[in-house]
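Me: I've got a structure open and would like to go through it with you. Can we take it bit by bit, starting with the terms?

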Amino acid sequence: MLTHFAAALGVLGLLTVVPGPDMAVVTRRALVAGPGDALRTVGGITTGLLLWGALSVAGLAAVLAASPTAYLVVKLLGAAYLVFLGAQALWQNRRSASHATRTGSGSPAVGSPWRTGLVSNALNPKIAVFYSGLLPTLAPPQLPAAWAMTLLVLLHATLTLTWLGGYALLLSRAGRVLERPGTRRVLGRTTGVVLIGLGLVVATTAG
């Protein structure tokens, strides 16, 4: 059983550290509103993983993964949300320019960081495919399927919380660099473009 968990830890760890929409969303929140909001965004992302995990254990994620129409709808909604976040980042970056601060207290349009993380993760159908397709193959056969899946989901959520939380704190330690107007403008634009690009990739990727 320890061998299965070690293999699962390696696969889940690799999937967690690969840059993707979650990291881009956390970066955006850190730039717009500081490390506190970035950590709350990580909490929303982790909640999204737990939601997908619960659906997987209940068998609903497999239904979504097996339905081309349902998969397409969720995929397009997720892609549209990423493009929206990217466009919002570019707009806020343009408005704030060199006067942006790390508190984000004057930007009500930013919205709830926890909800941002949750929605961006919940609208990622590839997680449904991963949880219903690959994750069961990593489950230790010695345990009941539901218990094994629950443990793997909790492991993935813990890895995600640790990795993205550490990344958010790392951004906060780079505060002096991020507070430079030129640096913030470049990072804000880059993050916006990356989010839009990820949205387009999600929308146009088959499967």
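Reply: Helices (H or I, at least four residues) and strands (E, at least two) are DSSP runs, numbered from the N terminus. This is a predicted model, so to speak of local features takes a pLDDT of at least 70, side-chain atom pairs count only at pLDDT 80 or more, and totals for chains, interfaces and linings use all residues. Residues are numbered from 1 along each chain as its sequence is written, and side-chain values use heavy atoms, with hydrogens and water left out.

Me: What does the chain average in pLDDT?
Reply: pLDDT is the predictor's confidence in each residue, from 0 to 100. Of the residues, 86% score at least 70. Over residues 98-109 the value is below 50, and that stretch has 21 contacts (heavy atoms within 4.5 Å) in the model beyond near neighbours in sequence. The average for the chain is 81.

Me: How many helices does the chain have?
Reply: Going along the sequence, the pattern reads α-α-α-α-α-α-α-α-α-α. There are zero strands, and the helix count is 10.

Me: Which helix holds glycine 53, and is the residue buried or exposed?
Reply: Glycine 53 is in helix H3, residues 35-58. Buried means under 20% relative accessible area, exposed means over 50%, and partly exposed is in between (1.4 Å probe, protein chains only). With 3% relative accessibility, glycine 53 is therefore buried.

Me: Which residues does glycine 53 touch, leaving out those up to four places away in sequence?
Reply: Glycine 53 sits 99 residues along the chain from leucine 152, yet their C-alpha atoms are separated by 8.8 Å. The residues that glycine 53 touches are Tyr131 and Val153.

Me: What kind of aromatic pair do phenylalanine 130 and tyrosine 131 make?
Reply: Rings of Phe, Tyr and Trp (its six-membered ring) pair if their centres lie within 6.5 Å; planes under 30 degrees apart count as stacked, over 60 as edge-to-face and the rest as tilted. That rule gives two aromatic pairs. In this one the centres are 5.5 Å apart and the planes are at 45°, so phenylalanine 130 and tyrosine 131 are tilted.

Me: Are those two residues buried or exposed?
Reply: Phenylalanine 130 has a relative accessible area of 13%, so it counts as buried. Tyrosine 131 comes out at 0%, so tyrosine 131 is also buried.

Me: Which residues is alanine 168 in contact with, beyond four places in sequence?
Reply: Alanine 168 is in helix H8 and is buried, at a relative accessible area of 0%. Leucine 39 is 129 residues from alanine 168 in sequence, but the two are 6.3 Å apart in space, C-alpha to C-alpha. The contacts of alanine 168 are Val26, Pro35, Ala38 and Leu39.

Me: Alanine 70 next: buried, partly exposed or exposed?
Reply: Alanine 70 lies in helix H5, residues 68-96. Proline 125 is 55 residues from alanine 70 in sequence and 9.1 Å from it in space, C-alpha to C-alpha. At a relative accessible area of 27%, alanine 70 is partly exposed.

Me: Which helix gives the largest share of the lining of the largest pocket?
Reply: The lining has 30 residues, and Leu15, Gly20, Pro21, Asp22 and Asn124 lie nearest the centre of the pocket. Elements that give two or more residues include helix H1 (2-17), helix H2 (21-33) and helix H10 (181-204). The largest share, five residues, comes from H5.

Conventions
1 Å grid on protein atoms, 1.4 Å probe; cavity = no way out; pocket = protein on both sides within 12 Å on 5 of 7 lines; lining within 4 Å.
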